[in-house]
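Trainee: I would like to learn how to read a structure feature by feature. Where do we start?

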Amino acid sequence: MKNKSIKGNEVDHGKLIINADWCKGCGICTAFCPTKAIELKNEKVTVVDIDKCTQCGLCELRCPDYAIYVGRKKNEQ
Ligand code: SF4
Ligand code: SF4
């Protein structure tokens, strides 16, 4: 389910989970995202087009604040 709130400001976008409380808007994840599925808006990371996300994990790997991470993959239960 898209945009399902998990806890606090953590939002499940399906492929991707973002915790806006922890995002400081540094833009590292958006700079590394190879498909431009995410961008900064009002100094917070936001999903532009979740269909573009390949779940490559670069945003999760590069975020210094653990504010973005890849959700459950299709081949996982
Ligand atoms: S997992 Fe990869 S494709 Fe998806 S938003 Fe993060 S960097 Fe972009
Ligand atoms: S790298 Fe992390 S803290 Fe920086 S904009 Fe992305 S989600 Fe926010």
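Mentor: Start with burial, by counting C-beta atoms placed from the backbone: 20 or more others within 10 Å of a residue's own make it buried, 12 or fewer exposed, and anything in between partly exposed. Q55 has 16 other C-beta atoms within 10 Å, so Q55 is partly exposed. One caution: this is a predicted model, in which local features need pLDDT of at least 70, side-chain atom pairs count only at pLDDT 80 or more, and totals for chains, interfaces and linings use all residues. Residues are numbered from 1 along each chain as its sequence is written, while chains are lettered from A and ligands numbered from 1 in the order in which they are written.

Trainee: Where does Q55 lie?

Mentor: Elements first: helices (H or I, at least four residues) and strands (E, at least two) are DSSP runs, numbered from the N terminus. Q55 lies in the loop between β5 and α2, the latter spanning 58–62.

Trainee: What is the phi of Q55?

Mentor: Most residues other than glycine have a negative phi. Q55 has a positive phi, near 60°. E43 also has a positive phi, of about 65°, although it is not a glycine.

Trainee: Is E43 buried or exposed?

Mentor: E43 has 10 C-beta neighbours inside 10 Å, so it counts as exposed. Its place is the loop between β4 and β5.

Trainee: In what order do the elements of the chain run?

Mentor: From the N terminus, read β-β-β-α-β-β-α-β. That comes to 2 helices and 6 strands. Of the 77 residues of the chain, 19% count as buried.

Trainee: In which sense do β4 and β5 pair?

Mentor: Strands pair if DSSP finds at least two bridges between them. β4 (residues 38–41) and β5 (residues 44–47) are antiparallel, over 4 bridges. I38 stands opposite V47, and L40 stands opposite V45. The hairpin has 2 residues between the strands, and N42 takes a positive phi near 50° there.

Trainee: Which side chains of β5 point to one face and are buried?

Mentor: V45 and V47 do.

Trainee: Which residues touch the most other members of the largest nonpolar core?

Mentor: A nonpolar core is a set of buried Ala, Val, Leu, Ile, Met, Phe, Trp, Tyr and Cys residues joined through C-beta atoms within 7 Å. Here the largest one has 14 residues, and I18, C29, I38, V45, C59, A67 and I68 touch the most other members. β3 and β5 each supply at least two residues of this core.

Trainee: Why does I18 count as buried?

Mentor: I18 counts as buried because it has 24 C-beta neighbours inside 10 Å. This residue is found in strand β3. Contacts come next: two residues are in contact if their C-beta atoms, placed from the backbone, lie within 7 Å. Leaving aside neighbours within four places in sequence, I18 is in contact with V11, H13, C23, V45, A67 and I68. The C-alpha atoms of I18 and Y66 are separated by 8.9 Å, although the two are 48 residues apart along the chain.

Trainee: Where does C23 lie?

Mentor: Look in the loop between β3 (16–19) and α1 (28–32). C23 is buried because 20 other C-beta atoms lie within 10 Å. Not counting residues up to four places away in sequence, C23 touches I18, K44, V45, D65 and A67. I68 is 45 residues from C23 along the chain, with their C-alpha atoms 7.9 Å apart. For the chain, take contacts between residues at least 6 apart in sequence: 43% join residues at least 24 apart.

Trainee: Which residues come nearest to ligand 2?

Mentor: A residue is near a molecule if its C-beta atom, placed from the backbone, lies within 6 Å of it. Ligand 2 has 13 residues around it, and C23, C26, C29, C63 and A67 come nearest. Around ligand 1 there are 14, with C33, C53, C56, L58 and C59 nearest.

Trainee: How many nonpolar, polar and charged residues does the shell around ligand 1 have?

Mentor: Classes first: Ala, Val, Leu, Ile, Met, Phe, Trp, Tyr, Cys and Pro count as nonpolar, Asp, Glu, Lys and Arg as charged, and the others, Gly among them, as polar. The ligand 1 shell has 10 nonpolar, 4 polar and no charged residues. The shell around ligand 2 has 8 nonpolar, 2 polar and 3 charged.
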